[in-house]
Amino acid sequence: MTADLLTPSASADPYALFATLRAEDPVHWSDAHRAWLLTRYDDVSAAFQNKAFSNDRVRPVLARRQASGEPTAADRVLGLLSGWMVVNDPPVHTRLRKLAAGAFKGQRIAAMGEQISAIVDEHLDAFLAGSGPQDLVSEVAYPLPATVIATMLGAPAGDRDRFRDWSDELALVAFGTGGAARAERHERALRGLQEMDAYFRELVARRRAEPGEDMLSALMAREDEDRLTDDELVAMCALLLFAGHETTTNSIANATLALLRHPEQLARLRADPELLAPAVEELLRFDGPIKVLNRWVVADTVLGGRTIRAGQRVHLVLASANRDPAKFADPDVLDLARSPNPHIAFGKGIHACIGAQLARMETRVAVGRIVERLPGLSLEQEPVWKDALASRSMETLVVRHS
Ligand code: HEM
C-alpha cells in the first residue's frame, strides 16, 4: 500500500485512511508523497523533540537556486521566507522566537476579546442581512484573522483588505508547486509579495519614527545587539500574517461544520456557554486546521523498525495523532466536554504555535457568536474540501440561516 492524502476521497475525509495507517503501518513510506508519514500520537509527539528532524527547509532550496544562476524576483521572496523562525532550527530560531514571544506578551491578548467580538459582529450583521444560501467561509471565517493581525501590527484600517491578498499569495509561494496555471499564479503572487515587502518596510519606518502600542512597535523596542533588523521585522510581519490567517479561518470553519454535523453537541453548547473553552479544544482535536507538518531528516533515524534516512522528508500527521485511540477514548466521537484533551493541533516543542492564545481567542469568540446569533443555522450543501496536504480546508461552507 502507498498512502495518498491528496485523492478527492482522502481530502473529503482522511480519517479512515489515518486509522488504517495507524493500525497497519504507522511509520509509512508514501511513494505518492515521497515522504514518511507518521500517524500515531506518540510517534508524532516524539518527532517534535527529535533533533534529527529539522525545520530548516527553505535556506537549502535558496542556496541551490542561487548556485545555479542569476537571482530572480522569486529569490528575494524566498530570502524573506528563509528568515522565518518556523523554517529555522536553533540557534537562529531561538533568538527570533524569544523576540517574538516578548512582543506577544505585551499585546494583552486576553483584553482583545471585545475588539475581536466587534469585528465578528460586523461580519455577522452582513451575513444576517443576506438570505438564502451563503458561504460562511468567505463572509465570516476568512476576513476575521487578517483584520485582527493587521490591527495588531498597527496597520491603518483602510489597508486591511490587502493583508488578505498577501496572505493568499504567501500560501501559494510557501506551499505551491507544479502545473502551468500554478506557475503563472506563482509569478503573480511574487509580484504581490514584492508590494507587501515594500508596504511592511514603510510601516516599519513609520513605527520607528512614531512608536505606538502595537506589536510591530513592541518588536522593534529593543535597543541591544539582539534587536531585529528591518529585513527581519518585515519577515516577521509576513510570518505572523501567513501563520495566523488560513489556520484561524479553517479553525472557525471546521468547528462550525463539526457543530452542524453534531446537532446534539451544538444544542449542548447553546445550553451551556461555559462549555465554549473546552469545546474549542475538542473542535481543534476533532477536525483541526493543520493536517500535516513537514520536517527534513538530517540524521539517519530508526523508528518503528524502519530506517528513515538523512535527506528524506517526514510528514507529521497531526490530524491523525489527534484521533489516535491509544491516546483518546472514542477518538471519532465529538465530545465538547472531553477532559483531559492533550491534542496537538498547535504542535509541540520549540516551534509550538506562538499565536495559540490569540487563535483560541478568535475561534472562541467567532464560534460563540455564531452559536448565539445564528440559532437557525443549517448546512445547505456538502462542503468541497481543498486538495491541500498541509491544511484541512474547505473551499466553501454553504449554509443558511432562518
Ligand atoms: C487555530 C489556529 C492556529 C493553529 C491550529 C496553529 C498551529 C500551529 C502549529 C501546529 C505550529 C507549529 C509549526 C511547526 O512545528 O512546524 C504553529 C507555529 C506558529 N504559529 Fe500557529 N496556529 C494557529 C494560529 C496562529 C496565529 C493566530 C498566529 C499569529 C498571529 C500564529 C503564529 C505562529 C508562528 C509565528 C509559528 C512559528 C513558531 C515557531 O517556529 O517557533 N499561529 N502554529
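Which residues of H9 are buried? They are Pro143, Leu144, Pro145, Ala146, Thr147, Val148, Ile149, Ala150 and Met152.

## Basis of the model

This is a predicted model, in which local features need pLDDT of at least 70 and side-chain atom pairs count only at pLDDT 80 or more, while totals for chains, interfaces and linings use all residues. Residues are numbered from 1 along each chain as its sequence is written, and side-chain values use heavy atoms, with hydrogens and water left out.

## Helix H9 and what follows

Helix H9 spans residues 143-152. Nine of its ten residues are buried, so the helix is largely enclosed by the rest of the structure. Buried means under 20% relative accessible area; exposed means over 50%, and partly exposed lies in between (1.4 Å probe, protein chains only). Helices (H or I, at least four residues) and strands (E, at least two) are DSSP runs, numbered from the N terminus. Just after H9, Gly154 takes a positive phi of about 80 degrees.

Gly154 also touches Asp214. So do Gln107, Met152, Leu153 and Arg207, with residues up to four places away in sequence not counted. Contact here means heavy atoms within 4.5 Å. Asp214 sits in the loop between helix H11 (180-209) and helix H12 (215-219). Asp214 is buried, at a relative accessible area of 10%. The C-alpha atoms of Asp214 and Val399 are separated by 36 Å, with the two residues 185 apart along the chain.

## The five-stranded sheet

Five strands form an open sheet of mixed pairing, in the order S1-S2-S8-S5-S3. S1 and strand S3 (53-54) are the edge strands, each pairing on one side only. Two strands pair if DSSP finds at least two bridges between them.

Strand S1 (residues 27-30) runs antiparallel to S2 over four bridges. Trp29 stands opposite Trp36 in S2. The two strands form a hairpin with four residues between them. In the turn, Arg34 has a positive phi of about 45 degrees. From S2, Ala35 and Leu37 point one way and Trp36 and Leu38 the other, and all are buried.

Next comes S8. Strand S2 (residues 35-38) and S8 pair in the parallel sense over three bridges. Leu37 faces His315 in S8, and Leu38 stands opposite Leu316. Strand S8 (residues 313-317) is mostly covered, with four of its five residues buried. Strand S5 (residues 292-297) pairs with S8 in the antiparallel sense over five bridges. There, Asn294 stands opposite His315. S3 and S5 are antiparallel too, over two bridges. Phe53 stands opposite Val297 in S5.

## Iron site

The iron atom of the ligand has a single donor from the protein: Cys353, through SG, 2.3 Å away. Donors are N, O and S atoms within 2.8 Å of the metal (3.2 Å for Na, K and Ca); water is not among the atoms, so sites may look incomplete. Cys353 lies in the loop between helix H16 (318-321) and helix H17 (356-373).

## Cavities

Rolling a probe the size of a water molecule over the atoms shows where empty space is left. On a 1 Å grid over the protein atoms alone, a cavity is a set of points where a 1.4 Å probe fits but cannot get out; lining residues have an atom within 4 Å of a point. Grid points are joined across faces, edges and corners, and a volume is the space filled by probe spheres set on the points. The whole structure holds four cavities of 30 Å³ or more.

The largest cavity has a volume of about 70 Å³. Its lining is Thr256, Leu259, Leu260, Leu266, Arg270, Val367, Ile370, Val371, Leu374 and Leu377. By class, eight are nonpolar, one polar and one charged. Ala, Val, Leu, Ile, Met, Phe, Trp, Tyr, Cys and Pro count as nonpolar, Asp, Glu, Lys and Arg as charged, and the others, Gly among them, as polar.

The second largest cavity has a volume of about 50 Å³. Gly83, Trp84, Met85, Leu96, Glu232, Ala235, Met236 and Leu239 line this cavity. H13 gives the largest share of the lining, four residues. Six lining residues are nonpolar, one is polar and one is charged.

Notes
1 Å grid on protein atoms, 1.4 Å probe; cavity = no way out; pocket = protein on both sides within 12 Å on 5 of 7 lines; lining within 4 Å.
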